[in-house]
Amino acid sequence: MPLTRLEIQNFRLLQKAVVEPGEKLNVITGWNAAGKTTFLEAMHVLATGRSFRTRRWAELIRHGADNLVVHGSVVEGGQEHRVGLAFDGRGRTIRIDGSAMKGTAVLARHVPLLAITPELHFEFLRSSRHRRGLLDWWLFHVEPDFYPQWLRYQRLLGQRNAALRRPSPPSVQFLWDEDLASVGEEIDRSRQNFFRLLREEFLQTAAALLQRGTVSLRFLRGWEDNEPLLAQLQRTRTSDQRRGFTQSGPHLADLHLALDTDGIRTQLSHGQQKILVIALRLAQLRLFMAKTGRRCVLLADDIGAELDRIHRQRVCDVLEALETQIFLTAIEAQDFSPRSAGLRMFHVEQSYIKPVSPLPVTPKKSDPLDVEMLK
Ligand SMILES: Nc1ncnc2c1ncn2[C@@H]1O[C@H](COP(=O)(O)OP(=O)(O)O)[C@@H](O)[C@H]1O
Ligand SMILES: [Mg+2]
């Protein structure tokens, strides 16, 4: 389902940009502050209904303009769909094939998209919400029952937490426990099933990218492993009442990532964090494509930052081998030496995006530095 055309109006510094991307790798070059990240951000907004840089929508409207518009065409199964989003300073409008739609989930269904941004590893290491999101994104796209269940769980949890904070009788406070536990167990089963696939795919990808150390990935479901959720909810009622929120359940699930080098737990450097989080993203993306047979747009912003030349090239090689549509930013075309033909290049300058001819392809050869630097 590649994006075949994109039109962006009044999105940050981009006044008007019309881009016809290629089906595979698209490289966007430009100097600092030219608008490369903005271009990816506009696609992210179109596909997810939110920016990866800010929650404040007003920030996204070009200074001096009243509204922003991003729309694009996606092709799936030989059929073209038009997907659009506008924001006028007060509210958002979403349109699919000309019809107004509610909620942003419909955008994600039409344009499955994953992003690797320079902040991704910080977000991932800082927040369990981001780590859970990695599992839930996949389940949202692959398991039709997951999202309705997830919404139901959130509603029940909200009701329980609100009742815990009010002086209400236990018959009211714990009215939802059975439903909450049963939906919670379902969510957990789905996550555990996906986690098994993810773990295997991730370990392979991480090993190929890092080539040193032993990586481990664990899933923590949000309550004791050997206790049914209902039993734990009942056991911790007094403490939940005291704290005013529910302390067990899949809303607290988490992923735990570690690297051991020579048998010693390693404090991850920024570069290693970045590589491991990229490996997780790539595992998520590959499993999405394998399970659904669909493609996924991958945004890779400034992927080379904090990576040495060898690791950067390795990540780029993996990206180039993916059979999906990728948008990758770089300061200069030289920062990225393409190994395959069929890539499309764009240059951003003075808030315009124009196609440029790609650099000649460099034949793939093993790098003599590989061995010395990584052993
Ligand atoms: N709402 C806005 N209107 C106009 N310009 C903006 C707006 N928001 C950000 N900018 C400008 O966009 C530029 C940043 O663009 P960005 O996409 O981050 O550049 P790059 O990724 O190429 O380094 C900055 O110069 C910033 O001042
Ligand atoms: Mg940038």
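Axes are lines fitted to C-alpha atoms, for helices over the stretch in contact, and angles between N-to-C directions run from 0 to 180 degrees. The structure is a predicted model, in which local features need pLDDT of at least 70 and side-chain atom pairs count only at pLDDT 80 or more, whereas totals for chains, interfaces and linings use all residues. Residues are numbered from 1 along each chain as its sequence is written, and chains are lettered from A and ligands numbered from 1 in the order in which they are written.

The chain contains twelve helices and 15 strands, where helices (H or I, at least four residues) and strands (E, at least two) are DSSP runs numbered from the N terminus. Its radius of gyration is 23 Å, close to the 21 Å that the globule rule gives for 375 residues, so the chain is as compact as a globular protein of that length. This radius is taken over C-alpha atoms, and the globule rule is 2.2 Å times the number of residues to the power 0.38. Along the principal axes, the C-alpha atoms fill a box of roughly 70 × 55 × 40 Å.

Helix H7 (residues 177–210) takes part in several helix contacts. Helix H4 (residues 128–142) packs against H7 at an angle of about 100 degrees, the axes being 10 Å apart. The two helices, H4 and H7, are therefore roughly perpendicular to each other; angles under 35 degrees count as roughly parallel, over 145 as roughly antiparallel, 65 to 115 as roughly perpendicular and the rest as oblique. On the H4 side the contact is made by Leu135, Trp138 and Leu139, and on the H7 side by Ser190, Arg191, Phe194 and Phe195; two residues are in contact if their C-beta atoms, placed from the backbone, lie within 7 Å. By class, the contact of H4 with H7 has five nonpolar, one polar and one charged residues. In this classification Ala, Val, Leu, Ile, Met, Phe, Trp, Tyr, Cys and Pro count as nonpolar, Asp, Glu, Lys and Arg as charged, and the others, Gly among them, as polar.

Helix H5 (residues 146–165) also meets H7: their axes come within 9 Å and cross at roughly 140 degrees. That angle makes H5 oblique to H7. The crossing of H5 and H7 is left-handed; a crossing is left-handed if the near helix is turned anticlockwise from the far one by less than a right angle, and right-handed if clockwise. Phe146, Gln149, Trp150, Arg152, Tyr153, Leu156, Leu157 and Arg160 in H5 face Asp179, Leu180, Val183, Gly184, Glu186, Ile187 and Ser190 in H7 across this contact. The residues of the contact of H5 with H7 comprise eight nonpolar, three polar and four charged.

Helix H10 (residues 270–292) packs against H7 at about 130 degrees, with the axes 8 Å apart. H7 and H10 are therefore oblique to each other, and their crossing is right-handed. The H7 residues in this contact include Leu197, Leu198, Phe202 and Leu209, and those of H10 include Ile275, Leu276, Leu280 and Leu287. The contact of H7 with H10 divides into 13 nonpolar, two polar and two charged residues.

An open sheet of six strands has the order S8-S12-S13-S3-S14-S15 and mixed pairing; two strands pair if DSSP finds at least two bridges between them. Its edge strands, each pairing on one side only, are S8 (113–116) and S15 (352–356). From one strand to the next the twist averages 20 degrees. Within this sheet, S12 (residues 297–300) and S13 (residues 326–330) pair in the parallel sense over three bridges, and the bridge partner of Ala300 in S13 is Leu328.

Strands S4 (residues 68–76) and S5 (residues 79–87) run antiparallel and are joined by nine bridges, with Leu68 partnered by Phe87 of S5. S4 and S5 form a hairpin with two residues between them, and Gly77 in the turn has a positive phi of about 55 degrees. S5 is joined in turn to S6 (residues 92–96) by five bridges, also in the antiparallel sense, and Ile94 in S6 is the bridge partner of Leu85. The hairpin of S5 and S6 has four residues between the strands, and Gly89 takes a positive phi near 95 degrees.

A further open sheet consists of three strands in the order S9-S10-S11, with antiparallel pairing. S9 (214–220) and S11 (264–265) are the edge strands, each pairing on one side only. S10 (residues 254–261) pairs with S11 in the antiparallel sense over two bridges, and Asp260 stands opposite Arg265 in S11.
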